[in-house]
Amino acid sequence: MGNAIKALVAFFPGDRCQNFVVGDLQEMPLDKMVDLSGSQLRRFPLRVCAFTELVKLYLSDNHLSSLPPELGQLQNLQILALDFNNFKALPQVVCTLKQLCILYLGNNKLCSLPEELSLLQNLRTLWVEANCLTQLPDVVCELSLLKTLHAGSNALRLLPGGLRRLRELRTIWLSGNLLTDFPPVLLHMPFLEVIDVDRNSIHYFPSLAHLSSLKLVIYDHNPCRNAPKVGKGVRRVGRWAEESPEPDPRKARRYALTEENSQETQAPAPPPPTPLPTS
């Protein structure tokens, strides 16, 4: 959808806006991408389901709370963005899109994830930040190819032990949760490269020196009495850490996200992390 169309959307309230936006979808886009972000949608436009070769679908920043079963026709979809909507439960039809590699679910009202999520065995990146999760659903531990997990700004107090089965996992973002202890399962995941536990309630950090792949650990804004010990060359961001070129957690995250994007060349730039309050 062109910039002119997006600019005009603001002048069309409610259903009139939706009809206007959907009317712009006449044929399959050449880039196999449909971006309806920020279009004030309250219902998913069924016309999109005719584009069966679609690879990327962005529905961010709308008013969606459900999706139709017809979405299952998009079996070539690899990227689906549902962040910043009103979902209280993940629609089951999403779990039928077995080619999905990247799924954005952040900033909704999710309290759980369905068991059927395990069907998405091609999923590499999962964003569930800023939801209502009090525990990380066990089904996440069944996503064997998962490489990046963003679960910040929830109400997590612990992580499931089964997480260690995710041997492809490289980055885990847990900022802004309710962790009182450093998650023990992370100590058994030597393949992790980035660990973010900023803005939790962790009082003590065990040694992380044995995590041989670790490159960055962010532990700022915790009531800890020590800094985690790390191996040579590992960047630490937090109290008592040595000065580094990137001492600010936000800058450190930006650096790590840049690294992720350079490794996932087929993926677009992800949505920005949930803004941090200023210190």
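This is a predicted model: local features need pLDDT of at least 70, side-chain atom pairs count only at pLDDT 80 or more; totals for chains, interfaces and linings use all residues.
Now widen the view. Leu-57 belongs to the largest nonpolar core, which has 71 residues. Select Leu-186 next: together with Leu-57, Leu-186 has the most contacts inside that core.

Switch to charged side chains. How many salt bridges does the structure hold? There are two.

**First stop: Lys-215 and Glu-193**

Show both side chains. Lys-215 and Glu-193 form a salt bridge, at 3.9 Å from N to O. Lys-215 sits in the loop between strand S8 (194–196) and strand S9 (216–218). Glu-193 sits in the loop between strand S7 (171–173) and S8. The pair therefore ties together parts that are 22 residues apart in sequence.

Is Glu-193 buried or exposed? Glu-193 counts as buried, at 18% relative accessibility, because the cut-off for buried is under 20%. Lys-215 is partly exposed, with a relative accessible area of 46%.

**Second stop: Asp-198 and Arg-199**

Select Asp-198 and Arg-199. Their side chains meet in the salt bridge here, at 3.7 Å from N to O. Keep the surface on. Asp-198 has a relative accessible area of 0% and is buried. Arg-199 comes out at 22% relative accessibility and counts as partly exposed.

To finish, display both salt bridges together: Lys-215 with Glu-193, and Asp-198 with Arg-199.

Conventions
Residues are numbered from 1 along each chain as its sequence is written. Side-chain values use heavy atoms; hydrogens and water are left out. A nonpolar core is a set of buried Ala, Val, Leu, Ile, Met, Phe, Trp, Tyr and Cys residues joined through side-chain atoms within 4.5 Å. Buried means under 20% relative accessible area, exposed over 50%, partly exposed in between (1.4 Å probe, protein chains only). A salt bridge is a side-chain nitrogen of Lys or Arg within 4 Å of a carboxyl oxygen of Asp or Glu. Helices (H or I, at least four residues) and strands (E, at least two) are DSSP runs, numbered from the N terminus.
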